[in-house]
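Please consult the sequence and structure shown here while reading.

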Amino acid sequence: MRPPLKPKEVTALLRERGFKVTPQRLAVYSALAHTNEHPSAETLYSQLIEDYPTMSLATVYKSVKIFCEVGIAQELNVGEDSFRYDARVQPHPHIHCIQCGRVDDVKTLPTDSFSQQVTEATGYQLTGQQYYFYGLCPACQQK
């Protein structure tokens, strides 16, 4: 797993791609890169508003959209009302608890061979993939 980008690296990448760099934008990336929670934009906003009282929810939405565009975050659609985000951009599956909403990475499931099988079976040149599994997390199973 690749470590999160340092603020200087994020700054250089954003400027190189023509995007404005602000303390709020860097804070959004830092919060996203240092969690395993797969937060929504609303969750990131709630975490950051105390330290950045002038930040708007629109700033968070625009920031995560830019991060996805430049390839330092990915958007997850696990079937909820809003998207979630992940700074770990290497292809990997996710599992979503249908009771509490928790989303975790599935770290030990190799996806390369499956992607190759899809390519061979369909003739498509894959440009990306996302795998989602659904079930009850261990905590919800105990309830």
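The model is a predicted one. An unreviewed UniProt entry places the feature "binding site" at Cys97, Cys100, Cys137 and Cys140. These positions are spread over 44 residues of sequence, yet they cluster in space, with a largest C-alpha distance of 8.2 Å.

Cysteine 97 lies in strand β3, residues 94–97. Beyond its neighbours within four places in sequence, cysteine 97 is in contact with Arg102, Gly135, Leu136, Cys137 and Cys140. Cysteine 140 belongs to helix α6, residues 138–142. With residues up to four places away in sequence not counted, cysteine 140 touches Cys97, Gln99 and Cys100.

| Residue | Relative accessible area | Class |
|---|---|---|
| Cysteine 97 | 3% | buried |
| Cysteine 100 | 45% | partly exposed |
| Cysteine 140 | 5% | buried |

How many disulfides does the model contain? The count is zero. A disulfide requires two cysteine sulfur atoms within 2.5 Å. The sulfur of cysteine 100 has its closest cysteine sulfur in cysteine 97, at 3.7 Å, and is therefore too far away for a bond. Likewise, the sulfur of cysteine 140 is 3.6 Å from its closest cysteine sulfur, that of cysteine 137, which is too far for a bond.

On the surface, Ile95, Leu109 and Phe133 form a nonpolar patch with about 240 Å² of accessible area together. Of these residues, phenylalanine 133 is located in strand β5, residues 132–135. Phenylalanine 133 is partly exposed, at 38% relative accessible area.

Key. Residues are numbered from 1 along each chain as its sequence is written. This is a predicted model: local features need pLDDT of at least 70, side-chain atom pairs count only at pLDDT 80 or more; totals for chains, interfaces and linings use all residues. Side-chain values use heavy atoms; hydrogens and water are left out. Patches are made of residues with over 30% relative accessible area and no salt bridge: like charges are joined within 9 Å, nonpolar side chains (Val, Leu, Ile, Met, Phe, Trp, Tyr) within 5 Å. Accessible areas come from the Shrake-Rupley method with a 1.4 Å probe; for residues, only the protein chains shown count as cover. A salt bridge is a side-chain nitrogen of Lys or Arg within 4 Å of a carboxyl oxygen of Asp or Glu. Helices (H or I, at least four residues) and strands (E, at least two) are DSSP runs, numbered from the N terminus. Buried means under 20% relative accessible area, exposed over 50%, partly exposed in between (1.4 Å probe, protein chains only). UniProt positions are given in the numbering used here, feature names are shortened, and annotations may be inferred rather than shown by experiment. Contact means heavy atoms within 4.5 Å.
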